[in-house]
Amino acid sequence: MTDIKFKRKSGEIVYFSMDGHAGYACEGEDIVCAALSVLSQTMIIGIEEILKIKLKYEIDDGLLICSIEKNSSEEILSCQVLLQTMLKSIESMIVSYGKYINLEIEEV
């Protein structure tokens, strides 16, 4: 199961993490894990390369942590369309693959 956590500050997403492999299928064939990986890495690329906003992140096997908590309020606001789209995409995936994804949303 992949544990996913989003943190909101004043309603805006400022952090997300994904930890663990989904376990839907064998390594290399797990469509749930692949979809989550693409979503999370797309967020980092979108924020850094398209929006040109620096962010703090860590990537390791089965782990991705991304934070914009220390960014300016303007930068945080600029990232919201991407981050909200990611969250909605994950919520959509949970409809079909919910037993492989644990989603937690926390207000900080």
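A disulfide is counted when two cysteine sulfur atoms lie within 2.5 Å of each other. Keep that cut-off in mind for the cysteine stop below.

**Before you start**

This is a predicted model: local features need pLDDT of at least 70, side-chain atom pairs count only at pLDDT 80 or more, and totals for chains, interfaces and linings use all residues. Residues are numbered from 1 along each chain as its sequence is written, and side-chain values use heavy atoms, with hydrogens and water left out.

**Stop 1: the sheet**

Switch to a cartoon view. Helices (H or I, at least four residues) and strands (E, at least two) are DSSP runs, numbered from the N terminus. Select the strands. 5 of them form an open sheet, in the order S3-S4-S2-S1-S5, with mixed pairing. Two strands pair if DSSP finds at least two bridges between them. Now colour the edges: S3 (56-60) and S5 (101-107) each pair on one side only. On average, neighbouring strands are turned by 10° against each other, direction ignored.

Zoom in on S2 and S4. They pair in the antiparallel sense over 5 bridges. Pick Asp19, and you will find Leu63 of S4 opposite.

**Stop 2**

Select H2, residues 73-97. H2 lies across S1, S2 and S5 and runs at about 45° to S2. Such angles run from 0 to 180 degrees between N-to-C directions, using axes fitted to C-alpha atoms, for helices over the stretch in contact.

**Stop 3: the core**

A nonpolar core is a set of buried Ala, Val, Leu, Ile, Met, Phe, Trp, Tyr and Cys residues joined through side-chain atoms within 4.5 Å. Buried means under 20% relative accessible area, exposed over 50%, and partly exposed in between (1.4 Å probe, protein chains only).

The largest nonpolar core here has 28 residues. Two or more residues come from each of S1, S2, H1, S4 and H2. H2 gives the most, with 7 residues.

Which residues does Ile90 touch? Leave out residues up to four places away in sequence, and the list is Ile4, Phe6, Met18, Leu36, Leu39, Ile101 and Leu103. Touching, or contact, means heavy atoms within 4.5 Å.

**Stop 4: the cysteines**

How many disulfides are there? The count comes to 0. Select Cys26. Its closest cysteine sulfur is in Cys33, 12 Å away, so the gap is too far for a bond. Cys26 counts as exposed because its relative accessibility is 55%. Next, select Cys79. The closest cysteine sulfur is in Cys66, at 8.1 Å, which is also too far for a bond. Cys79 is buried, at 0% relative accessibility.

**Stop 5: the salt bridges**

A salt bridge is a side-chain nitrogen of Lys or Arg within 4 Å of a carboxyl oxygen of Asp or Glu. The whole structure has 3.

Start at Lys5, which is partly exposed at 23%. Its bridge to Glu104 spans 3.9 Å, N to O. Lys5 is in S1 and Glu104 is in S5, 99 residues apart. Lys5 also bridges to Glu106, with the closest N and O atoms 3.5 Å apart. Together, Lys5, Glu104 and Glu106 form a network of salt bridges.

Finish on H2. Lys88 and Glu91 meet in a salt bridge at 3.5 Å, N to O. Both lie in this helix, 3 residues apart, about one turn. Lys88 is exposed, at 56%, while Glu91 is partly exposed, at 30%.
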